[in-house]
Amino acid sequence: MSSSDLALKLSAVCTASYGFQGLVLPDTAHKLYMKTTPTPQSKSIWRWFGHSLLSSAALQGMVAATGKQGPNRKAVLKGYALQWATAPVLMGVQAKSGDFKPEMAVANGALCLALGAYMWKKADGIN
């Protein structure tokens, strides 16, 4: 297994865990990440969020399973690196507005930023 395979699989697992929470456990996800006031809960939105992330995780897993290196894999890695690395910005904005729990923004933001940097580094290693 190449290091870019590992990066994609790790991203797929992390993405799938967020997706599972949203799709299957929307009440739990809302209580875990969001302040109940002023943010109203919408199970429908959480489930669509979960569906989207699980679809994204499947794509990452399928790309990793090919084992093929090259410009397409590099683009996929960099695209997901940007997704992970920009998520903390949104979390920070939502925490500042009182929607997102600050402690969850810090913990999840650190994880997302680290994973984004790791994936970018692995993408740069592909010719």
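Visitor: Which residues does S4 touch, not counting residues up to four places away in sequence?
Guide: This is a predicted model, in which local features need pLDDT of at least 70, side-chain atom pairs count only at pLDDT 80 or more, and totals for chains, interfaces and linings use all residues. Residues are numbered from 1 along each chain as its sequence is written, and side-chain values use heavy atoms, leaving out hydrogens and water. With contact meaning heavy atoms within 4.5 Å, S4 touches Q69, R73, L77, K122 and I126.

Visitor: With which residue's side chain does the side chain of S4 make a polar contact?
Guide: A polar contact is a pair of N or O atoms within 3.5 Å; within protein, one must be able to donate a hydrogen and the other to accept it, and residues adjacent in sequence count only if both atoms are side-chain atoms. At 3.1 Å, the partner of S4 is Q69.

Visitor: Is S4 buried or exposed?
Guide: Buried means under 20% relative accessible area, exposed over 50%, and partly exposed in between, with a 1.4 Å probe and protein chains only. The relative accessible area of S4 is 2%, so S4 is buried.

Visitor: Which elements are included in what covers the buried residues of α1?
Guide: Helices are DSSP runs of H or I with at least four residues, numbered from the N terminus. Helix α1 covers residues 3-24, and its buried residues include S4, L8 and Y18. Their cover includes α2, α3, α4 and α5.

Visitor: What is the volume of the largest pocket?
Guide: On a 1 Å grid over the protein atoms alone, a pocket is an open set of points where a 1.4 Å probe fits, with protein on both sides within 12 Å along at least five of seven lines; lining residues have an atom within 4 Å of a point. Grid points are joined across faces, edges and corners, and the volume is the space filled by probe spheres set on the points. For the largest pocket this is about 600 Å³.

Visitor: Which element gives the most to the lining of the largest pocket?
Guide: The lining has 23 residues, with F49, L90, M91, Q94 and F100 nearest the centre. Elements giving two or more residues are α1, α2, α3, α4 and α5. With seven residues, the top contributor is α4.

Visitor: Which residues is Y18 in contact with, leaving aside neighbours within four places in sequence?
Guide: Y18 also lies in α1, and at 13% relative accessibility it counts as buried. Its contacts are Y33, F49, L53, W84, N108, L111 and C112.
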